Amino acid sequence: EQGAMIVDVRTPREFAEGHLENAVNFPLSELDKHFKGIVKDKEIVLYCRSGNRSGKAYQYLQSKGFTNLHNAGGFEELQNVQ
C-alpha cells in the first residue's frame, strides 16, 4: 500500500497457485538476475511459503547492498492478515 516492492521468492508453480496482490515472482534461485537494475534503497518486502526462503533472500540481498528490506514470512500467514 505504501509503494514497497512485494517479492514472492517461491517457485513459479507455487506463485501460480496463489500469491499476494501486486507481488512479483522472483524465485530464490534467480535473485541476482531480477535485482540487477533495482535501486539499493528501494523498499522491498519478501515472502515465501514459510519464511525460510525469504530469510535467505533477505540475507543475500543485504550482502549485495540492499538497505530497505523486510522479511514478511510465510504466504499463508500473510493471507490471514490481509
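**Figure 1. The buried residues of helix α3 are S54, G55, A57 and L61.** Buried means under 20% relative accessible area, exposed means over 50%, and partly exposed lies in between (1.4 Å probe, protein chains only). Helices (H or I, at least four residues) and strands (E, at least two) are DSSP runs, numbered from the N terminus. The model is predicted: local features need pLDDT of at least 70, side-chain atom pairs count only at pLDDT 80 or more, and totals for chains, interfaces and linings use all residues. Residues are numbered from 1 along each chain as its sequence is written, and side-chain values use heavy atoms, with hydrogens and water left out.

**Figure 2. Helix α3 is shown from end to end, with the residue G65 that comes after the helix.** How far apart are the end C-alpha atoms of α3? They are 17 Å apart, which agrees with the 16 Å that the 12 residues of the helix (residues 52-63) should span at 1.5 Å a residue. The expected span is 1.5 Å times one less than the number of residues in the helix. G65 has a positive phi, near 100 degrees.

**Figure 3. Four strands form an open sheet in the order β2-β1-β3-β4.** Strands of a sheet pair through backbone hydrogen bonds, either parallel or antiparallel. In this sheet the pairing is parallel. Two strands count as paired if DSSP finds at least two bridges between them. The edge strands, β2 and β4, each pair on one side only. Five bridges join β3 to β4, and C48 has G74 in β4 as its bridge partner. Between β1 and β3 there are four bridges, while β1 and β2 pair over two bridges.

**Figure 4. Strand β1 (residues 5-8) is covered on both faces.** M5 and V7 are buried on one side, and I6 and D8 are buried on the other. D8 stands opposite Y47 in β3 and opposite N25 in β2.

**Figure 5. N25 is found in strand β2.** Is N25 buried or exposed? At 18% relative accessibility, N25 counts as buried. The side chain of N25 reaches the backbone oxygen of D8 at 3.2 Å and the backbone oxygen of R10 at 2.9 Å. Leaving aside neighbours within four places in sequence, N25 is in contact (heavy atoms within 4.5 Å) with D8, R10, T11, P12, F15 and H34.

**Figure 6. N22 lies in the loop between α1 (12-16) and β2 (24-25).** The phi of N22 is near 70 degrees, a positive value in a residue other than glycine. N22 is exposed, with a relative accessible area of 65%.

**Figure 7. A4 is found in the segment before β1.** A4 is partly exposed, with a relative accessible area of 28%. Not counting residues up to four places away in sequence, A4 touches E43 and V45. A4 and F66 are 62 residues apart in sequence and 13 Å apart in space, C-alpha to C-alpha.

Terms used: A polar contact is a pair of N or O atoms within 3.5 Å; within protein, one must be able to donate a hydrogen and the other to accept it, and residues adjacent in sequence count only if both atoms are side-chain atoms.
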